[in-house]
Amino acid sequence: MQRTMLTVQRLVAVFLAGFVLFNYPILALFDRAATLLGVPLVFVYLFAVWALVIAAMAWVVEHPERHDGRERSGGG
Amino acid sequence: MAASGAGEASPVLQSPIVIGASAVYLALLFAVAYWGDKRADEGRSVIANPTIYALSMAVYCTTWTYYGSVGRAAVTGVGFLPIYLGPTLVMALGGFLLLKMIRTAKANRITSIADFIASRYGKSQLLGGLVTVIAVIGIVPYIALQLKAVASSYDLIVGYPALKAVVESNEPVLADTTFWIALILAAFTILFGTRHLDATERHEGMVAAVALESVVKLLAFGAVGLFVTYGLYDGFGDVFARALADERLAKLTAVAAGNRSYATWFSLTFLAGLAILFLPRQFQVTVVENVSEAHLKRAIWLFPLYLLLINLFVLPIALGGLMRFAGQGVDADTFVLTLPMAAQQEWLALLVFVGGLSAATGMVIVETIALSTMVCNDLVMPLLLRARALALHAEHDLSGLLLRIRRGAIVVILLLGYLYFRLAGDAYALVGIGLISFSAVAQFAPAMIGGMYWRGGTRDGALAGLLAGFAVWAYTLLLPSFSKSGWMPASFVSDGLFGIELLKPHQLFGLTGLDDISHCLFWSLAANVGAYIAVSLMRAPTAAEASQATQFVDALKTTRPVGSALWRGSADAAELIALVGRFLGPARAQTAFAAYARRHDIADVANLEADADLVHYAESLLAGAIGSASARAMVASVAKEEPLSLGEVMNILDEASQLRSYSRELERKSRQLEDATGELKAANERLRELDRLKDDFMASVSHELRTPLTSIRAFSEILRDDPKTALQDRERFLSIIVSETERLTRLVNQILDMAKIESGNAEWLVEEVDLGGIVEQSAAATSQLFRDKNVALELDLAGGLPLLRGDRDRLMQVVINLLSNAVKFAPAGAGKVHVRLFRAQGELRVSVSDNGPGIRREDQEVIFDRFRQGGDSMTSKPTGTGLGLPISRKIVEYFSGRLWVESEPGQGASFIFSLPLQNNEGEDNA
C-alpha cells in the first residue's frame, strides 16, 4: 500500500477535478445554446470531460512505476 | 394487445421465434456459466482476468440503462448522465475505498453487504437482519423495473407492427406475461446461483455469464445507436441540427432548464456514486466475486469507459424517437425497440430484445443471489438457530437446508418484485422506479463508510442510523409511490399525513424547491448520519465492537491482530469439525480441515488441537456459509468461551499496535545503523588518509632533520679525526655546525609549534593590538637581514587604524616570516620589499611584496603545505624549513583571517594577510 500511495493520491486528484468539472458552476459555463460542429456544446463538453477523466485514471493506474520514485528505487 | 397497422404477420417477430431466441440465448448463458463453474472446480478460473472483472461490474447497467435512459433523456435531455458520472468519479476513489472493502471482506469471509455491516459492529445478528430487510424492501422496486421492462418489450415485439402494447393492468395474474417472466427468471437464478453451496459464496460461472451479458447488451445498444444515428439520420450533427430546429426539443440539450436544476444534477451524481458501492449486486461482483486485488486496477478505468460507450447514443436515440413519433403517444422508454420496429428492421429489433433481456437477467440473477444470501445468512438462519431445536441435532447435515432457504428466498424476492410492479409499476417511468431503490441503498453509506474509517461507531449507532434513514426513505419515496398508483389515498401526497401540511412526504417540514429524490436523499441521510453519530457517541464501544472495528479500520495496514488473538477458551476439535460439516457438508468440511492440518504440518485431522487458531478457522469457514453473526453464535454453542472484557481486548489491540510501533522503531533503528555504518566508513577513510599524511609528515620531518644532522656530524667528525685542520677551516666548520644547529633548533621549534596549533593546545595571549606597531617592530627585527643582503625595505602604513584583538607575538611571527621570505627571494643589491598596511572591506590587510622571481601559478597553493617550498625541489636547494607559511596561515586563520599570495612569475610576489575588524574574537574560532 505504501508504495501505491502516490497512485492513490493521483486518483483522488482526478476525482476532485472531475467533481468540479461535472458540476455547477463550471457546468453552467457550457450549458448554453451553442453548438460545436452541429452538436450541442454541453453534450460535447460532458462527454469530452468524461473521456478525459477516464484517460487520466487509466494513465495513473497503468503507469505507476514510471512516475513513482519509491518503486523505482527498488521498493525500500 | 391491439394491432393498429395493416397487420400482415411478420416472418421474424412471432412469439415462437422471440421465445425461441430468448431460450437459446438463456441456454447459451447457462452453458457459459456451467463451463465457468467447471473450470473453477478444475482450478483454472476463467474469470481470473481484469477485463472480465470490469465487464462483470457492468451489471450496473440494467434495463434502466438499456431502455430507461432513453426514456429519461426524452424528458430531461442530458439529465440521464449523472447516473453514470457518479460511478465514474467513485471509481477514482476505488483505489482505496474498494480495495479496503475487498481486503476486509476476504479477511473476514464476508459474503454480503449485510454481513459486512453486521460483522463490523460486533457480529450483530440484529443489525444483519435489519440491513437485509432494508436491502430487500429497497431493491424490490428495482426488480419490478426489470420485470416491467422485459414484459413490456416482449408485449411490444410480439405485437409488431403495432408500436404500442396495451397492457391491461387488471389482468388475472396467470394471464400476465410479467408473472411468468418473474417465475422464469427465478428458475434461471436458482439454476445459476444455488446449485451448490460454496464456502466463500463465490459464483465463477455466474460472473462469466454476466460478463458475456455485458458484451451482448453493449453490442445490441451500440447497433441501435448506430442504426438511428447513421441509418435514420446523417450522423450526430444531423440528429442535433433537426432537434435544435424544434424549440421544444432544443430545450432538452440543456442541463438546467424547466424543472431541472443543478441541484438535481448534483444529487443524482452523488446518489449514483453511493449506489455503485452499496447496491447488493455491485457488492457481490466487485467485492465478493473479486479474484485478485490487482484486477481492480483495470476496472478503475475500463468500467467507466463501458459506461461512456453505452451512453454515447442515448440522446440521439431519444431525439430521433421524439421526432419520429411526435404525437403518436409511443412511450419513450421503448424507443430503443420501437425505432427499429418502425423502420421494419426486424432482426435488429430481435437483437435489441435479446440485449434488453440480457440487461434484465444479469441484474436479476446477481441481485437476487446477493439478496438470497443475505436473507438466508442474516435473516432466516439466525431465527432458526434461535429456535435451538436445530442446533441440538448435531449429526444433521444442514447444507441442503441452506440451499433450500436460498432458493425459496429467490422465488419470494422475484414475486415481491412482481407484486410491486402490479401495485405501483405503472405510475413511474423506469428510471423513476430505479431511483427509489438507489435512495434505499444509499442508507447503507453512513454505517459502511463510518465503519471502515471510524472506530467509534457502535452497533446501536448503526441500528439507529439505518432505522432513521430507512423510515424517512419509506415515508418520502416508497409510500408516495403506492399513493401515486392509487393503492393509498392520493391526499397522503397532496395534503400530508392526517392532512398535516408539514408532513407532506415530498415537502417534509416545509422544505420545497427540491425534486423528490434530492428531497428524500437530504432528509434520509441527514437523519441517518445524525442518528448514527449521536447514538454511537452515547457509549464507548464494547469489546466485540472494538475488536471488529480494528479489523475493519486497519484493514490496509500490514500488521494487524488476527481474529484468533481475540479469542480465549477451550473447544473440542472433533466437535468443531462436525459443526462445520453440518453446514458445509461433511466431505467439504473434511477437505477444509485436512488443508488446515497440512498447512500446520499435522499429519492427521484427528490430531488437530482446538486452539484459538483452529476455532478461528472453523468460524471463518462457517461465516462463508451462514454469515459472520450466525457463525459466531454457532461456534459459541460448541466451545467453552471465556469472554474477554473491553480492557483485555484493548490490551491485545494495544499490544498489536505496540508491535506495529516496535517494528517501525526497528526499521528506524536499522536505518540509523546503516547511516552510522556509512559515517564510520567515511571516518575510517579519513583516518586512513590522516595516517598516510602523518606518515608523509614523519618522512618529511625525518628528512628535514637528517639534512642538518648529517652536515653537523660530518664537520664534527672532520674536526675530531683530523687535529691538524687549519684554524681558519676549523672556525668555518664550527660556524657551519652552529648555524646548522640553529636551523635544527628552529625546525624542531616550528614542528612543535605547528603540532601545538594543529592540536589546539597552543597558548594564545589575546589582547588589543596595534597592527601598525607590530609591522614596524617586525621590520626592525629583520632589518639586519635586509642590510646583509642589501635589499631596500619600504613601509607604507596607513594611520588612524583601529585596534584588533590578537596575539601580539604570534602576529609578529607571521610578519617576520613573510619579511624573511621576501628578503630571501629578493635579488641581492637591487632587491626591494614593499610593506603596506591598509583597510579594505571591513578588514585590515598587510601585504608584503618583493621583486623576486615570483611564484608559478601551480605552486601558489602548494607553498602553504607543510615542507613544500616554491620551485622545483629536485633542482633548487631549499632555503627554509618549509613550515613558516603553513604556521603563518594557521595563525591568521585562528583569528578568522586569511593569508594568500598574488604573484606573476618574473613580477615578484605579494603575500597578503587580512584580519577582520569585527568579531575578531579568536576564541570563537578555536
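Helix H32 (residues 771-781) of chain B lies across strands E4, E6 and E7 of chain B and runs at about 170° to E4(B). Helices (H or I, at least four residues) and strands (E, at least two) are DSSP runs, numbered from the N terminus. Angles run from 0 to 180 degrees between N-to-C directions, and axes are lines fitted to C-alpha atoms, for helices over the stretch in contact. The model is predicted: local features need pLDDT of at least 70, side-chain atom pairs count only at pLDDT 80 or more, and totals for chains, interfaces and linings use all residues. Residues are numbered from 1 along each chain as its sequence is written, while chains are lettered from A and ligands numbered from 1 in the order in which they are written.

**Confidence**

- The average pLDDT (the predictor's confidence in each residue, from 0 to 100) of chain B is 82, and 89% of its residues score at least 70.
- Residues 1-7 of chain B have a pLDDT below 50, and beyond near neighbours in sequence this stretch has 11 contacts in the model; two residues are in contact if their C-beta atoms, placed from the backbone, lie within 7 Å.
- For the complex, the predictor gives an ipTM of 0.87 and a pTM of 0.69.

**The sheet of chain B**

- Five strands of chain B form an open sheet in the order E4-E6-E7-E9-E8, with mixed pairing; two strands pair if DSSP finds at least two bridges between them.
- The edge strands, E4 (792-797) and E8 (898-903) of chain B, each pair on one side only.
- From one strand to the next, the twist averages 15°.
- Strands of a sheet pair through backbone hydrogen bonds, either parallel or antiparallel.
- E6 (residues 832-840) and E7 (residues 843-850) of chain B pair in the antiparallel sense over 8 bridges, and B:Leu837 has B:Val846 in E7(B) as its bridge partner.
- E6(B) and E7(B) form a hairpin with 2 residues between them, where B:Gln841 in the turn has a positive phi of about 50°.
- E7(B) also pairs in the antiparallel sense with E9 (residues 909-916) of chain B, over 7 bridges.
- E8(B) and E9(B) run antiparallel and are joined by 6 bridges; B:Trp900 stands opposite B:Ile912 in E9(B).
- Helix H34 (residues 808-825) of chain B packs on the sheet and touches E6, E7 and E9 of chain B.

**The interface of the two chains**

- In the complex, 30 residues of chain A are in contact with 30 residues of chain B.
- H3(A) supplies the largest share of the side of chain A that touches chain B, 10 residues.
- That side has 24 nonpolar, 5 polar and 1 charged residues, where Ala, Val, Leu, Ile, Met, Phe, Trp, Tyr, Cys and Pro count as nonpolar, Asp, Glu, Lys and Arg as charged, and the others, Gly among them, as polar.
- H3(A) and helix H14 (residues 295-311) of chain B pack at an angle of about 165°, with their axes 8 Å apart.
- H3(A) is therefore roughly antiparallel to H14(B) (angles under 35 degrees count as roughly parallel, over 145 as roughly antiparallel, 65 to 115 as roughly perpendicular and the rest as oblique).
- Among the residues that meet are A:Trp50 and A:Ile54 in H3(A), and B:Trp301 and B:Leu305 in H14(B).

**Backbone features**

- A cis peptide bond, with omega of about 5°, joins A:Tyr24 and A:Pro25; A:Pro25 lies in the loop between H1 and H2 of chain A.
- Most residues other than glycine have a negative phi, and most peptide bonds are trans.
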